[in-house]
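User: I am new to this structure and would like to go through it step by step. Could you take my questions one at a time?
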Amino acid sequence: MTNCERIELLRELCLAFGPTGCEHRVASLIKDKLEALGYESYLDRVGNLIVHIPCENAPRVMISAHTDEVGFIISEITESGYLKFRVLGGIDPRVLCGKHVTVETKSGDFVAGVIASKAIHHQTAEERKAVTPIKSMYIDIGANKKEDAESVVELGGCATFDSKFVQFGHENAFIKSKAIDDRLGCAEMIYVLEKIKGQSIPLDLWFCFTVREEIGLSGAQTAAQSIRPDYSIVIESTAVADLPDVPENSRVAKLGEGGAISLRDRSTIYDRGFVRMALALAESKGIPAQLKRYVSGGNDAGHIHKSGSGVRALAISAPSRYIHSPACVVSKNDYLSMGELLYTIITNFNEEEIKNA
Amino acid sequence: MELKELIVSMASLMTVTGYESHDSERLDELIGGFFDESTTDALGNRIFIKRCGRENAPKILVDAHLDEIGMIVTDIKENGFLTVTNVGGVDTRILQASDVVIYGKEKIFGVIGSTPPHLQKPSEAKSLRAIGELLIDTGYPKEELEKIVRIGTPVGFEVKYVDLANGKIAGKGFDDKACAACAAEGIRRAAREDLAGDVYLMLSSREETTAVAGAATGAYAIDPDYAFVFDVNLGTTPDVPKSESVEVGGGVSLTVCPITDRRLTRMTAELAEKRGLKYQISVSGSGTGTNTPSIHLTGAGIPCVDAGLPLKSMHTCAESLDMADAECAAELIAAFITSKEIAEVFKR
């Protein structure tokens with residue numbers, strides 16, 4: 001895959017519709033991509049898409065990224081045809097007002113909507129300064145009344161941000177999109193699967209595209225329980241704040257300096273030997289990588305590392321600004337180099353080194 | 001070009017208040033052909049004239065403002081982040097995670113930053129950041145950015161339009177360029193021989209700032225006999241009283257208030273009824289939030305009808321309108337400028 005093809009793959013994945021609990025379209029898109037690469041994949045009982053590359057008597061390694069994205073679920077259709085909603089995953093109400101959304105219809109198609117609320121002209125002075133609570137917002141799809149809306153959408157239907165995928169900045173070094181968290185991880189896995197095609201790697205490899213990360217990591221939990229891996233590599237994107245108004249020690253990681261390797265976050269302490277091996281490989285192969293320098297967030301490793309009799313975990317995340325918004329920003333170079341790092345780790349895996357650290 | 005396409009094309013123009021001339025050439029391409037002549041005055045009003053061909057004909061002013069809300073760069077920070085302040089009444093709640101365009105030496109893309117929930121302190125969660133505290137992410141190193149952008153560079157919202165159900169559309173800049181488009185289209189539809197006078201379409205500047213300077217000076221120069229002032233009007237949503245808003249899809253609103261001319265308003269309503277065009281009455285106890293207060297006070301005074309295109313989510317990137325209302329508006333304007341009865345009563 002050329003760099004251009006990798007960007008195109010990321011674009012396609014990010015623009016796919018897959019709020020938490022409604023990931024099947026993303027899974028099916030990935031399934032098609034994998035099939036084109038000559039891989040057979042299967043959906044497990046909760047919707048995780050899995051590719052198994054077997055190797056007997058070898059360490060079992062589960063590599064995962066989640067297919068879901070933060071989004072919305074319709075909780076009420078009002079008399080005048082507006083859609084009240086709840087959020088799926090952690091979304092800051094401040095990024096919602098006035099945003100465009102894509103709403104799933106009863107027939108499985110999509111309609112456009114906008115998140116509306118009282119116009120500034122009608123707001124009181126206090127309201128203008130306050131965060132509008134989500135319960136005061138509604139999605140307007142243009143319906144004239146309740147029956148009109150009900151003929152198109154239904155309670156429990158999902159929605160996501162409708163936001164352009166844009167390459168921007170100096171020499172187009174950055175990418176802005178919705179759902180970079182974690183379609184970027186999915187894209188890295190597809191890239192690595194292409195790269196290792198036909199190679200014989202002494203690992204029992206399980207590539208898992210997991211569901212429901214954003215609300216409790218449940219897809220990864222059941223996947224890990226059935227796969228029972230020895231090692232877990234989670235490919236993610238992580239919230240960073242490398243911004244001028246944030247003190248250096250709270251910036252988490254820096255865009256453009258490579259994938260961020262976690263030591264610990266709010267749900268996992270990562271395996272020290274695994275982290276050391278990853279850092280050493282990055283250094284020796286000249287692949288940019290950095291440490292995540294703040295204890296924040298969490299990912300599928302939270303459940304995976306605690307499954308069965310315990311799993312040694314590693315997480316590599318693309319530093320991402322404004323995560324969980326319609327405008328997540330990542331560095332193109334970080335995206336491109338992370339795939340190389342994952343490939344390098346898989347092809348240079350050294351169990352002794354990890355265990356003896 | 002269909003009316004919807006004209007509305008979207010005009011709304012897409014960069015016309016942040018004070019920078020109305022930025023896309024002037026494109027504006028001329030879009031509507032210049034509907035008129036006999038056009039001028040730009042000292043404050044940036046664009047005036048398009050369609051002549052009736054008769055001597056001493058009354059002058060009919062149709063006003064819609066050209067400017068839209070936006071932002072302006074106040075500082076360039078490390079790693080190419082920009083700070084901005086608002087131009088006009090930007091709704092601060094819509095800013096975080098919005099896509100913007102920075103109109104420097106070249107057009108560049110930017111994103112207004114937000115702090116992700118993972119990294120927020122609980123104390124931050126309830127307050128809205130003031131516009132001056134937000135950062136626009138450009139993805140440029142500071143030195144490179146300084147070659148393109150400087151303090152004072154205007155910033156607008158990224159163009160994005162979508163079709164909603166039932167002929168409604170949503171996007172940015174409908175306030176007030178949707179009205180400008182309807183007005184231009186209405187004037188195009190009126191046959192020259194039917195015109196009740198010379199028609200001046202004033203796409204006025206600087207409405208969104210408190211000065212409302214464009215309409216005042218533009219109307220002074222034109223000195224019309226009477227005027228049709230056309231701006232968006234606040235659409236009814238579940239959280240605002242019906243008495244303070246107008247129904248989207250309910251037709252053009254006509255404002256009855258102390259400063260609008262009662263007779264002109266009534267005659268315009270009759271015209272709508274005669275043509276089978278939907279309209280609704282909007283009431284104010286004082287003035288209007290449009291150019292009418294400026295225009296009616298111009299010179300020796302100008303009788304005004306204040307018409308409104310119902311618009312939801314005003315001053316956001318998701319303003320929405322009903323194309324049926326827009327269609328009504330274009331037809332009503334065509335009827336207004338060809339009404340011999342109105343000209344008879346209001347010509348000087």
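User: Which residue is the bridge partner of B:H65 in strand 12 of chain B?

Analyst: This is a predicted model, in which local features need pLDDT of at least 70 and side-chain atom pairs count only at pLDDT 80 or more, while totals for chains, interfaces and linings use all residues. Residues are numbered from 1 along each chain as its sequence is written, and chains are lettered from A and ligands numbered from 1 in the order in which they are written. Strands here are DSSP runs of E with at least two residues, numbered from the N terminus, and two of them pair if DSSP finds at least two bridges between them. Within strand 12 of chain B, the bridge partner of B:H65 is B:S204.

User: How many bridges join strand 3 of chain B to strand 12 of chain B?

Analyst: Strand 3 of chain B covers residues 59-65 and strand 12 of chain B covers residues 198-204. The two run parallel, and the number of bridges that join them is seven.

User: Which residue of strand 13 of chain B stands opposite B:L61?

Analyst: Strand 3 of chain B is also joined to strand 13 of chain B (residues 226-234), with four bridges and a parallel course. In strand 13 of chain B, the residue opposite B:L61 is B:A227.

User: How many of the seven residues of strand 3 of chain B are buried?

Analyst: A residue counts as buried if 20 or more other C-beta atoms, placed from the backbone, lie within 10 Å of its own. By that rule strand 3 of chain B is mostly covered, and the number of its buried residues is six.

User: How far apart are the centres of the two domains of chain B?

Analyst: The bounds come from an automatic or database domain assignment, which gives chain B a domain 1 (3-68 + 172-346) and a domain 2 (70-157). Taken over C-alpha atoms, the centres of these domains of chain B lie apart by 32 Å.

User: How many residues of domain 2 of chain B are in contact with domain 1 of chain B?

Analyst: Residues are in contact if their C-beta atoms, placed from the backbone, lie within 7 Å. Domain 1 of chain B brings 13 residues to this contact, and the number from domain 2 of chain B is twelve.

User: Which elements of chain B give two or more residues to the side that touches chain A?

Analyst: Between the chains, 55 residues of chain B are in contact with 60 residues of chain A. The elements that give two or more residues to that side of chain B are strand 7 (107-112), strand 10 (162-163) and strand 11 (168-171).

Technical notes. Contact = placed C-beta atoms within 7 Å. Buried ≥ 20, exposed ≤ 12 C-beta atoms within 10 Å, placed from the backbone.
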